[in-house]
Amino acid sequence: MKEDILRYGSVSLAVVGTIILIVLFGISSLGKILEPDTSIVFLNALTGLSETWSRIILVFFITLEAAILFSIILFYNKKWPFYLAGSVLGLFVIIVGYGIWIDVEELCGCFGSIIESTTVNGNAMIRNAVLASLAFLIPELKD
Amino acid sequence: MINKRRIAIAILLLIVCGISVASVFNILGTSERLKVNVEGDKIIESPLERSWNQEFIGDDIQLHNDIGDSVYRGVQLIKLNQDLYVTDYGDMSVKSFSKEGKFIRTFGDRQGRGPGEFLDIMGMARLPGDTLFIQDLDKREMMVFDATSGTYLTSHTIKYRPYRLTSVGNKIVAHATLVDSLFKVYDSRGRLIREFGNIVNNQVANTLAISGDIVSVGDGKHFVYSPSRASYLFFFDINGNEVRRVLTPDRIFFKKPEMRQSGNTRIASPSEIDVMVFDLAVYGDKLFVSATRRDENRELDYSFVDVYDINTGKYLESFKLPELGKDVVITQNRLYYLGYHDEQVKANQLNL
């Protein structure tokens, strides 16, 4: 009985976590496509590269996020899409941390125009860290 | 089954990649944002939040009666050498005053198409050697006057729609509109030396996004351009190279004009924006960028000045004008500006 409850709880948490990741990466990639300007400005401020290179990097990130989204949906039973999602979210933690360290004041444009852009601060780091942990945990919960 | 899923992901990713490239690089031209063509080595980004310092502005200064009595409709105010020059649309002339407001002389004594007469004054600049250049929009002329006597000397026909002028060393830089090359460089004899300044794509069609002001940095080599409807400061040298670009706090990007039907004609109108830059001024090593902000009802709210380091483009601080105004002149301890509503010259103590 207890095991059944635990099992049920784990699977439910895995499902909820999966849905959260799907929504997150969906909104993030779609938002950047719909409103890329804020992200371009942020990348330009973060990297010091030209606007052209900032655009190229942005296209890469949009495609990466979309790849994670589709992988989670189509390869739900596998572990690697979640490990990939967790790794990318961990990368975002590092990027935000670097932005805080060099004192970037720009809005990150993380979700484009769909959700009001967040500033680069500790809350953004914590958010990404929690989501990265969840992504790594989901395959274990499903097992 | 696995191969089909991988193929599906690959196709979906290709589609996403294609769409994101089109969006990020605005290939389909669906974005209202215009692509900026020039790129300096580094873009300097001002903070998103302004640092307000109202201690800059001191008491009102009462100027000599001459300036209030002589100016009917002041539409442009600049400082050339140590004197104030006012473009007066009331009698279509340029009048010069001392910094106390005492009348010195008038340039152009009547409205008309004749020599030394004006129809629509746009911009003026003074060269070393006391030559005053004044652009006329309707006549499409750059007229030359002796700055010390006010005597009309000659004029040069121009092919563009003139907007603003500034002197850089012994050259005149003219700012034009409705052309692909925004800036025209003339020598002291009025000969065109070079032209440059392709700021945004489809510049002629999107010209309404571009008008603004230019001012010499003061080193004889560089000038600054600010469009009125986008949050940029472009630093150019006299050879046409962009040396620096500053993104100002408001982060308003160039927008396509809105097309409106007027009878049988479609007219391009500028997009509505919250902050409009109207003037640039330089004093010492500081650049003063004056603008007016609209409130949520689209009414004019207040005028303010952003201060930058002229050598680095770094944003320093801002202060508000005592009332809505346009065209700001800065001296060591004074701020002059034109009142927006009464179009008269006003002055305040300035604590730099």
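Analyst: Over all chains, a search of the whole structure finds 28 aromatic pairs. Rings of Phe, Tyr and Trp (its six-membered ring) pair if their centres lie within 6.5 Å; planes under 30 degrees apart count as stacked, over 60 as edge-to-face and the rest as tilted. One such pair is B:Phe145 with B:Tyr152, which is edge-to-face because the planes stand at 70°, with the centres 5.6 Å apart. This is a predicted model, in which local features need pLDDT of at least 70 and side-chain atom pairs count only at pLDDT 80 or more, while totals for chains, interfaces and linings use all residues. Side-chain values use heavy atoms, leaving out hydrogens and water.

User: Is B:Phe145 buried or exposed?

Analyst: Buried means under 20% relative accessible area, exposed over 50%, partly exposed in between (1.4 Å probe, protein chains only). B:Phe145 is buried at 1%, whereas B:Tyr152 is partly exposed at 26%.

User: Which geometry do B:Tyr232 and B:Phe254 adopt, stacked or edge-to-face?

Analyst: A pair of aromatic rings is described by the distance of the centres and the angle of the planes. B:Tyr232 and B:Phe254 are stacked, at 5.3 Å between centres and 15° between planes. B:Tyr232 is buried at 2% relative accessibility, and B:Phe254 is buried at 1%. Both belong to one aromatic cluster, whose members include B:Phe183, B:Phe196 and B:Phe234.

User: Where does the charged end of B:Lys320 sit?

Analyst: A charge sits over a ring if NZ of Lys or CZ of Arg is within 6 Å of the ring centre and within 35 degrees of the ring normal. The charged end of B:Lys320 sits over the ring of B:Trp52, 5.2 Å from its centre.

Technical notes:
Residues numbered from 1 in each chain as written. Chains lettered and ligands numbered in written order.
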